[in-house]
Amino acid sequence: MARILIVEDNANNLTLMSYLLRAFGHEIVSAPNGAAAVEEASASRPDLILMDLQMPVMDGFQAAERIRAIAALAATPIIAVTASAMVGDRDKILARGFNGYVSKPITPETFVQQVERFLPASGGPEA
Amino acid sequence: VTVPERRLVSPADHLAISDGALRVSAGVSAAGVATVLTVAGLGLWGALTHLTFLAGFIPGGATMKANTAILLIASALAVALGRHADSLGARLLGCLVVVVALATLAEDVFSVDLKIDQLVSIDRGRGPGMPGRMAPMAAIALSAIGGGLAFRDRARRLGVALTLVALLIASVALVGYLYDARSLYGVEPFASMSINTAMCLGVLAVTLLASRPQQPPVSLLTDTGMAGSLTRRLLPAVLIGPAVIGLLRLAGQRADFYGTEFGLALMVVGCTVFLVALVWINGRVVQRVETRRRGEEKFKALLESAPDAMIIVNASGHIVLVNTQMEHLFGYRRAEVLGQPIEMLIPPRFRGVHQSHRDGYVADPRVREMGTGQTLFARRRDGREFPVEVSLSPIETEEGRLVSAAVRDVTEHRAIQRTLHEKNLELEQAIYTKDRFLTSMSHELRTPLTAIIGFTGTLLMKLPGPLTDDQHEHLSIVQSSARHLLSLINDLLDLAKIESGKMEVSLQPVRCADVVDEVMATLAPLATAKHLSFDVENTCPDVMVRTDRRALSQILLNLTGNAIKFTERGSVRLGVATLDETAGRLLEINVMDTGIGIRPEEAARLFDAFSRLQETAGSPEGTGMGLHISRKLAALLGGELEYTSTPAAGSTFTLRLPLKD
């Protein structure tokens, strides 16, 4: 099981992702925007972060940069969840500190599998 | 456009006479009067004192009679009296001359003695005729002069005719003296006119004519136009030429070089040659003037045909020539601006600057085209100002360097520009608003769909709990409809972006095989579900293409998705190859299926937006935009999208992209 931080401003999406990941036994913490995500990440030390890119207050790119700047979180995988994540945007996302991406709308049948691929092997008991 | 023909000879054309000509004629008049007064005065003195050398310049020749001298003096005074305008005194003196001269003539005709011949002085001379009586020809000439004086301003034509008669008589006498005075003694009635009388009569007649320089025939001499220049050129030649030729002929005959007949023949030939030469020279002059005039007319016509107001200015900045358009634009009449400084057409506050600019231009002139200078302001006659554009070009002429300025009113042009600018801003605003709308629509529409698709998915995964068969079926319909709606929205947004030119492609080196593999991986489940054989034949697995990865991927997804959708059995195959064409190397990707194919009549609408072919109309999937968007994207990438198809046997769609090494 892993502790996963979901950064998402849309309540429905947050509920959906949380529900799916909890259903597969993961522990979920959440933040509604980039700024809150930086605080939550340093407080709860998640094993993986799912980050929406377009959010109020601070967008996903900025938040990822801040989190990477925190020494304890420098190696934590950050996964982008974005509607614009078509094939061509992949390079830009990877270049800006993300380890990977999941495109939105998410496919419930494969979502958990996609996320779990990025969990560090040593990070907690693997399901 | 008509250019008014210049009137060459015009009786009332006072404007065509220059001040110089007037001064010359006044001088001629004064000199003539003085000459006649002197010679006639000497003659009168001679008659009174019997000093015959004063009255007759040729020893032994005829002498000027006292009456002749008095009449000549009276005539000269009359000319002087009326030198500027009609004068009663001049007319009365003229009448006196006529009366005395006619009375003398009557004495000769009727052989009576009216006792007037020796009224003043007793004639002791030995000349021919009655003692003291003037020669009949002198009497005729004097009466003609008197008539000329009397009718100078009252019956102009008659006056001129009489004056010319006097001139003719005097000329005959003078030419006679020139050739041989002696041979004329015996020939009445010229016998006894003295040379000084003849000279006085001639000078008087000329002086009389010259006293009215603005009237014919002298007006022709003083004319400033071509007529004047021709007359001035011809008259002296014609006056002197034949007389000189005659003199030569006479001299030759007297020296016994030839007889009368041959002499005459020589003289005729001489005169002919002289006159032909005159005519020829004359023709040359006329020709030159005409050519110049025609050139000027052409120039004026050209000026008139120009759409702009044209103003020709000389080096000192004075207006030399303008066209009708200039009159309309500025509200001035031609006569009001000619000769005026160009600055009169400029608002006062710009005049100083303009003057210095103008001096600079004249010093270093070059053609300045319309619209290349900044917009200036011009001033109408009524004081209103308006914006103009001015083009300038220097013209080198005989009168020095001129500058031609074409002036165009740009008031309307500016208003249109302003309106266009405003419309553009509005349009930009509208496009911006539309783009904002599209972007927010994209987000707003997709977000709820994400939730619908997502939670339908969790239900279908039975995560919340088990489903009945009906529930499962209904939720499946919800899910596929939501997915269809999502693809519709995505296509619409893509289409809007492409149509508005907002679709940006970023060209980067892309490994073609990567994109093809992704597409294969994405669509393999669909092909497998329909039991289709699905593979790729890549003859150039390492080729890199400079393109937009996302656009290429979307095109291949569309083409391959369609192929799978419209094929019920058989295969869908992708082929990747490079081609060497004359235009350069190409990357060619073929998507081949064994599906229903495309009928020829459907070909025309195949790539149109929202064109779903009949066979596919019942299918729930597809938006009818896939091929349309694909072809637009292919064009954006600098490539092309084509197809070949056999109905019921299959289709091949071919994407070609340029390869740069």
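Chain A has an accessible surface of about 5,600 Å², and 51% of that surface belongs to carbon and sulfur atoms. Chain B exposes about 35,800 Å², with carbon and sulfur atoms supplying 62%. The model is predicted.

**Chain A**

- Chain A has 127 residues, and 47% of them are buried.
- Its secondary structure consists of five helices and five strands.
- Read from the N terminus, the elements of chain A follow the order β-α-β-α-β-α-β-α-β-α.
- Take the contacts in chain A with a separation of 6 or more: 61% of them join residues 24 or more positions apart.

**Chain B**

- Chain B has 661 residues, of which 39% count as buried.
- Its elements are 18 helices and 12 strands.
- Among contacts in chain B with a separation of 6 or more, 62% are between residues 24 or more positions apart.

**Where the chains meet**

- Chain B brings 18 residues to the contact, and chain A brings 20 residues.
- Together the two chains bury about 1,800 Å².
- Carbon and sulfur atoms hold 69% of that buried area.
- How many salt bridges are there between chain B and chain A? The count is zero.

**Aromatic pairs**

- Over all chains there are six aromatic pairs.
- One of them joins B:Phe607 and B:Tyr643, with ring centres 6.2 Å apart. The planes stand at 55 degrees, so this pair is tilted.

**Buried or partly exposed?**

- Burial means under 20% relative accessible area.
- B:Phe607 has 10% relative accessibility, so B:Phe607 counts as buried.
- B:Phe653 has 9% relative accessibility and counts as buried.
- B:Tyr643 has 23% relative accessibility, so B:Tyr643 counts as partly exposed.

**Arginines over rings**

- Which arginine lies over the face of B:Phe607? B:Arg631 does, at 3.7 Å from the ring centre.
- B:Phe607 therefore has B:Arg631 over its face and a tilted ring pair with B:Tyr643.
- B:Arg380 lies over the face of B:Phe386, at 4.2 Å from the ring centre.

Notes: Residues numbered from 1 in each chain as written. Chains lettered and ligands numbered in written order. Predicted model: local features only at pLDDT ≥ 70, side-chain atom pairs only at ≥ 80, totals over all residues. Heavy atoms only, no water. Helix = DSSP H or I, 4+ residues; strand = E, 2+ residues; numbered from the N terminus. Buried < 20%, exposed > 50% of the residue type's maximum accessible area, 1.4 Å probe, protein only. Contact = heavy atoms within 4.5 Å. Areas by Shrake-Rupley, 256 points an atom, 1.4 Å probe, with all protein chains shown as cover. Phe/Tyr/Trp six-rings, centres within 6.5 Å; stacked < 30°, edge-to-face > 60°. Lys NZ or Arg CZ within 6 Å of the ring centre and 35° of its normal. Buried area = accessible area lost by both parts, 1.4 Å probe. Salt bridge = Lys/Arg side-chain N within 4 Å of Asp/Glu carboxyl O.
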